[in-house]
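Here's a quick tour for anyone opening this one up for the first time. Have a look at the sequence and the model, then read on.

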Amino acid sequence: MTLPLSFDSAPAVDEVFTVSDVTAEVGRAIQRTAQNIWVRAEISEYKVYGSGHHYFTLRDARSQMRCILWRNDAQRLRVTPAAGMEVFVLGRASYWEEKGEFRFTVTTLLPTTDLGAAHMELERVRAVLKADGLLDPDRKRPLPRYPAVIAVVTSTDGAALRDIITVTRRRWPATRLLVIGARVQGEGAPAAIAAALRLVNRLPDVDLCIVGRGGGARDDLAGFNAETVCRALAAVKVPTISAVGHETDISLSDLVADHRAATPSAAAETAVPDRREVMRAVQEWAVRLSHGLTRRTRLADERMARFGDRSRVALEQLLQRRRHHLERLAAQLDALSPLKVLERGFAVAQDSEGRVLRRRTDFPPGRAFRLRVSDGEVHARSEEEG
Amino acid sequence: MTRRKAVAEPSLADDLARLEALVRRLEQDDVELDEALALFEEGVKHLRAARERLTSAEARIQQVLEDANGDLKISDFSA
């Protein structure tokens, strides 16, 4: 149905609507907007009816709206609302058709003093991050097994950095920590953390990024809930670990990062493997490497076992064998050279042009030829067959 | 800055990954002696490099600072 914009003095019968038609249409339009939203306002009138339903008005400097809080929702209130109170309300736009009036149906009401703007902001940021898909589990990237370069975004004089350095030194010396200092609490902290995170993308060869801080009051950790920090974290090109506060603290950066660590120390433990474990793995590879070769070269295992550095000894033995083999081959080659053959008493017959004479037919009676012996030539002539 | 060098040097991760690949190849049945030798030789090289890094390396802590021109400076960090 479409409502005509204006009526002529004599409307056509089929263009006339009933009141119910109009209120129903307006009601549908209203209910398509402003559903489940938080509103911040001041209460101007507040009445509790005998039915248990609460009727009140919310206003700001310019406008006001009538609100209703049904009995069931009203029973869950932890405060007694009153005129003049600053509140956050969660609710939806609705329409009271019988009266042709717009109402805001409230389901939750919280005094701002109770909750603080910080919490509201937290819920808002969580909602927008979720809407943009930044909290999707599918986004999570696996962490590198052996990170060589780790960017650490935190305060340069905080306990978090000390803990991360200590744990990394103990577990995994084959790494480089690139510390990007950022103010982690107070005014300006979100901007500083976000800027530091953006800087990570400009550093070459970084394998992993840890962002976080040590424990503190709830307000001190708030920077890690900032939208700007979460978006910068999501934009970091390498896998990320967020570690904010203690075990029980969860911040939005924890939800955006690829991995959440309970504390900065735990972040470092997650980031780098234990060198002793890796050393054991390396030993395992060494054994398999030498076994792999011995299978091929048929060198006896027990022979290898006698030596400390099995792999090196095995290689040298093998090369030694090869060398002997080559020397034997070289000696054989030498023996096959013509001069060596002559030394053993053989001689080569050649004609005047140097062609080798090999068969009986090469020696007709009376033919002159040369004999090459080990120390020179001998002139000779073939005789008639006797 | 030592950027270039850092890029060119194989990392421990490279050494371990290569070592793993070499061993797996060496353990296959169709490897000729010459190839086996070459695999082994390369494996020993990576083994040594990996051990070296694991035993002698000292974690390096550096600080990144952005100067007024927006250039990044990396220097050793003393906690």
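For sorting residues by class, Ala, Val, Leu, Ile, Met, Phe, Trp, Tyr, Cys and Pro count as nonpolar, Asp, Glu, Lys and Arg as charged, and the others, Gly among them, as polar. This is a predicted model, where local features need pLDDT of at least 70 and side-chain atom pairs count only at pLDDT 80 or more, while totals for chains, interfaces and linings use all residues. Residues are numbered from 1 along each chain as its sequence is written, and side-chain values use heavy atoms, with hydrogens and water left out.

**The cavity**
- By class, 8 nonpolar, 2 polar and 1 charged residues line the largest cavity.
- Residues in that lining include A:Val152, A:Ile164, A:Gly212, A:Arg213 and A:Pro264.
- S8(A) gives the largest share of this lining, with 4 residues.
- At least two lining residues each come from strand S6 (149-154), H4 and strand S8 (208-213) of chain A; helices (H or I, at least four residues) and strands (E, at least two) are DSSP runs, numbered from the N terminus.

**A:Ile165**
- You'll find A:Ile165 in helix H4 (residues 159-171) of chain A.
- A:Ile165 has a relative accessible area of 5%, so it counts as buried (under 20%; exposed is over 50%, partly exposed in between, with a 1.4 Å probe and protein chains only).
- Its C-alpha atom is separated by 8.0 Å from that of A:Leu177, 12 residues apart along the chain.

**A:Ser94**
- A:Ser94 sits in strand S4 (residues 86-96) of chain A.
- A:Ser94 is buried too, at a relative accessible area of 13%.

Note on methods: Chains are lettered from A and ligands numbered from 1 in the order in which they are written. On a 1 Å grid over the protein atoms alone, a cavity is a set of points where a 1.4 Å probe fits but cannot get out, and a pocket is an open set with protein on both sides within 12 Å along at least five of seven lines; lining residues have an atom within 4 Å of a point.
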